Amino acid sequence: MRYGGNTACLEIGCGDRMLIFDAGTGLHVLGSDLSANRGIVGGDLKYDLFFTHTHFDHICGFPFFQPAFDPSNKLRIWAGHLLPERTIREVLIYLMMDPLFPIPIDTMRAKLDFEDFEAGKILYPGDDISIRTAPLNHPNGATGYRIDYGGRSICYVTDTEHVVGAPDQNILGLIEGADYFIYDSTYSDDEFAEHKGWGHSTWQEGARLADQAGVGTFVVFHHDPDHDDAHMDTVTEAVEAVRPGSIVAREDMILTP
Ligand SMILES: [Zn+2]
Ligand SMILES: [Zn+2]
């Protein structure tokens, strides 16, 4: 209730540009906010939506994103884990298909563009934004992102499983010296052994990676839905003791550079 029950969705502002990462149930909240409070629907705006991957908790908000139904908007959709077997267009068509959803993707009247790439590439979505990417260790693949803009940087690294005692070099390379590092902290080290193979990591591993890569602020993210507020309070205390100034993500939280 306090930390938030929506699944993954981040909005990252770079000047006038808005980048969206993942389309969990949080995307519905973002879409409603954009149309109700910020008057952006109908404003002829261009959105970029980047998927870490297409497991259900990261895509299920997509059909409920109001701005995608407005013909004056443009939505460019990126994914780095599907080639060569599939494309993100194909996956989203399936998501909104009989018998999974009542209306097909064609009912989205915004102009939709689809950009599949291979994780590891650097993306330049425009306006001097550069986005480095790296493959993560997750069943069916996932992509980690580092967004650099105006001399500031934020990394979004979920979902990924670590190997005990062997820090992920792809991640260390990606997050080196970044201002913010948002990391898959589904479990604690105590819980990790019984969840091997699930594709997730721990807040302690996040803190270790943050230290080794010299990042500014570590952000605990992708909370296990079985962890209630009281449990998350204990995580907040524990992470503060290990890496003071770290943040445990909450619904509607805003991070400023
Ligand atoms: Zn996943
Ligand atoms: Zn997930």
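How many residues does the largest nonpolar core have, and which of them have the most contacts inside it? Here are my notes; keep in mind that this is a predicted model.

1. Let's start with that core. The largest nonpolar core has 27 residues, and Phe51, Phe62 and Leu75 are the ones with the most contacts inside it. The top contributor is α3, which gives 4 residues.

2. Have a look at Phe62 next. Leaving out residues up to four places away in sequence, Phe62 touches Ala23, Leu27, Leu49, Leu75, Ile77, Leu92, Leu95, Met96, Ile105 and Met108.

3. Apart from the largest one lies another core, of 25 residues, including Tyr3, Ala134, Trp203 and Val235.

4. Now for the metal. The zinc ion (ligand 2) is held by Asp57 (OD), His58 (NE2), Asp159 (OD) and His222 (NE2), at 2.1 to 2.3 Å. Along the chain, these donors follow the spacing D-H-x100-D-x62-H.

5. What about the geometry? The arrangement around the zinc ion (ligand 2) is irregular because its 4 donor atoms subtend angles of 90 to 162 degrees, and four donors count as tetrahedral only if all angles lie between 85 and 135 degrees.

6. Finally, the zinc ion (ligand 1) sits 3.7 Å from the zinc ion (ligand 2), and Asp159 coordinates both.

Key: Residues numbered from 1 in each chain as written. Chains lettered and ligands numbered in written order. Predicted model: local features only at pLDDT ≥ 70, side-chain atom pairs only at ≥ 80, totals over all residues. Heavy atoms only, no water. Core = buried A, V, L, I, M, F, W, Y, C linked by side-chain atoms within 4.5 Å. Buried < 20%, exposed > 50% of the residue type's maximum accessible area, 1.4 Å probe, protein only. Helix = DSSP H or I, 4+ residues; strand = E, 2+ residues; numbered from the N terminus. Contact = heavy atoms within 4.5 Å. Donors = N, O, S within 2.8 Å, 3.2 Å for Na, K, Ca; no water. Tetrahedral: all angles 85-135°; square planar, octahedral: opposite > 155°, others 65-115°.
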